[in-house]
Amino acid sequence: MKKFEILKKIKDVGVVAVVRGENLEEAVNTSKACIEGGIPAVEVTYTVPGATEVIKELKKTIPSEKLLVGAGSVLDPETARIAILAGAEYIVSPGFSEDTAKLCNRYQVPYMPGCMTITEIITAMEAGCDIIKMFPGSAFGPSFVKAVKAPLPQVNIMPTGGVSLENVDQWIKNGVIAVGVGGQLTNGSFQEIVAKAKEFVEKVKVTREEVNG
């Protein structure tokens, strides 16, 4: 899948499921629940034991049109390369790494680094990052997005951390392109996760309709 198609798919659904877990089976089942609930964009974090195998398993068992799998908590280009070889279609980091940005650009894989300041955001954008992960979102809140977009209206922001069903509409109204959701989405039984995924997708859709008139 081409880079712009991956970015468009993330923007269209508006939600990236951040998947953690104690083992491969838990991470795979959580991912499948999110997908069934209408969230094809799954970020498998490299805090999961056997994260590479989770990515491979999802690529093997889920049709490509239903899945957009990425790797999260990627700290270096070596891990990014391993994830890409396993099938990861985008790379997410808690911070910015210039070497990881170069690696991802080389293979036309979207790289979403975690940034906290205007300087970090500008640095990441200049390195070719199309979406900036505002992390941790809980440290800022939705109003910070509007403040950032005043001097940088062109920046595409995806907050992760601090996003819930109760406030996702505020994030969207303040101008984020998508949201990353972890425990607020992925904790619970298979059916509970499916139900929460559907709620997140619907709330993002309804809020966007309100914003766009």
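Let's start with what packs against helix H10. Its buried residues, where buried means under 20% relative accessible area with a 1.4 Å probe and protein chains only, pack against helix H1 (3-13), strand E1 (15-19), helix H2 (24-36), helix H8 (168-173), strand E9 (179-181) and helix H9 (183-186). Contact here means heavy atoms within 4.5 Å. Helices are DSSP runs of H or I with at least four residues, strands are runs of E with at least two, and both are numbered from the N terminus.

A quick word on the source: this is a predicted model, where local features need pLDDT of at least 70 and side-chain atom pairs count only at pLDDT 80 or more, while totals for chains, interfaces and linings use all residues. Residues are numbered from 1 along each chain as its sequence is written, and side-chain values use heavy atoms, with hydrogens and water left out.

Back to H10. Which residues of H10 are buried? They are Ile193, Val194, Lys196, Ala197, Phe200, Val204 and Thr207. The helix covers residues 190-212, and its end C-alpha atoms are 33 Å apart, which agrees with the 33 Å that its 23 residues should span at 1.5 Å a residue. That expected span is 1.5 Å times one less than the number of residues. After H10 comes Gly213, with a positive phi near 80 degrees.

Now to the rings. The structure holds two aromatic pairs. Rings of Phe, Tyr and Trp (its six-membered ring) pair if their centres lie within 6.5 Å; planes under 30 degrees apart count as stacked, over 60 as edge-to-face and the rest as tilted. Phe96 and Tyr111 make a tilted pair, 6.4 Å centre to centre with 35 degrees between the planes. This pair links distant parts of the chain, 15 residues apart: Phe96 is in the loop between strand E4 (91-92) and helix H5 (98-106), and Tyr111 is in strand E5. Tyr111 is buried, at 4% relative accessible area, while Phe96 is partly exposed at 28%; partly exposed lies between buried and exposed, the latter being over 50%. Phe140 and Phe144 are stacked, because their ring centres are 4.3 Å apart and their planes are at 25 degrees.

What about charges over rings? That takes NZ of Lys or CZ of Arg within 6 Å of the ring centre and within 35 degrees of the ring normal. The charged end of Arg81 sits over the ring of Tyr107, 4.5 Å from its centre. Lys133 lies over the face of Phe135, at 4.5 Å from the ring centre.
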